Amino acid sequence: MSYIPKSKIIVKIAQFSDIEENFFSKSSPNKAYTGPYIETSDGRYFIGTNFTNNGGELFKKLNISANFGTGEDFDTYLNLRPTPYNFLNKIKPIPAIKKIPTEKDYERGYYKRYFSSRVNQQFGYKEISFKTYNSINQQQGEYDHHLHDVGLINWAIKGNVYKINQLTLIEKEKSFPNISYLFPILNEFQRPDLQVQTDLTTEGEELYYADGTEYIGSYHIHPTEGPMEGAKHILTSHSKLYYSDNLPIPARDTSIDEEYKQYLEEEKKKANRIRKNNIINRPTATRDQTRTTPSRTNTSPSTTTPSRGNTSSPVGGSGY
């Protein structure tokens, strides 16, 4: 048996379940397996905890009652059309993996990546292994080939990978719409290249300045900065370029907010000035009344009342 690194092996414990899928061995296909088992990165299962000395491969059989139901109607359907039930009862869920390129792939500059597409889902894509791809493609009955299509792409890992992989995905979109969502990182698995790629040309719809303006003309690819304007790298300042899928997100424009805030301040000051002017110029009833109405003490003629001691005689006279 071929060697598998420990990093690609997970040891788990299997327990019987009435609801979830159970494990079965080829030697005991009708008895659910319980105990320790190994799960590999490619979706296979083995008895035990040591891959090199495992007790045999396990497989999953779907629980009938949980997936198909029971009852008289179910039994009638099963008797009339046993083939779909028998097929769906033995298929396995498609395992998703991310294939990593080998040293030979890096020497070649590209490698094949395989994927499955669920026919009734717009974004039902999974990256799969070649073994899974081959099983579905040849309709071996291990996976539901009625529900899934499969495909492959040549993924560039050397050279101008952004442009190569973008063109590859654009072409593949014709037969597998939205496949680009499965491979969003155009330079995935590319090793850093210390050499500057020079004398490259774009005719448009490929590279952009940071503000989104399209760039057309000669460019080069710096090993750390990425695409930059100009056929060759120079020491003087020159702009960095971006592919459409990695344009920087522009900072939020607060100029409108500042202008609106300033407008509100001016309106507030204007309103305060108007209010003050209204208060100053507003006629006051109390003031007008004070100017035109005599005071209460002047409403009747004033009289002189002689003091008590002068009541009996005129001033300066004698009573005798």
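Student: OK, so a salt bridge is a side-chain nitrogen of Lys or Arg within 4 Å of a carboxyl oxygen of Asp or Glu. How many salt bridges does a search of the whole structure find?

Tutor: The search finds 11. This is a predicted model, where local features need pLDDT of at least 70 and side-chain atom pairs count only at pLDDT 80 or more, while totals for chains, interfaces and linings use all residues. Residues are numbered from 1 along each chain as its sequence is written, and side-chain values use heavy atoms, leaving out hydrogens and water.

Student: Which side chain does Glu103 meet in a salt bridge?

Tutor: Arg191, at 2.5 Å from N to O. Glu103 sits in helix H4 and Arg191 in the loop between H6 and S9, so the pair ties together parts 88 residues apart in sequence. Helices (H or I, at least four residues) and strands (E, at least two) are DSSP runs, numbered from the N terminus.

Student: And what does Glu188 form a salt bridge with?

Tutor: With Arg113, the closest N and O atoms being 3.2 Å apart. Glu188 is in the loop between H6 and S9 and Arg113 is in strand S6, so this pair links parts 75 residues apart in sequence.

Student: Is Arg113 buried or exposed?

Tutor: Arg113 counts as buried, at 0% relative accessibility. Buried means under 20% relative accessible area, exposed over 50%, and partly exposed in between (1.4 Å probe, protein chains only). Glu188 is buried too, at 14%.

Student: Which residues do salt bridges that share partners join into one network?

Tutor: Lys98, Arg113, Glu127 and Glu188.
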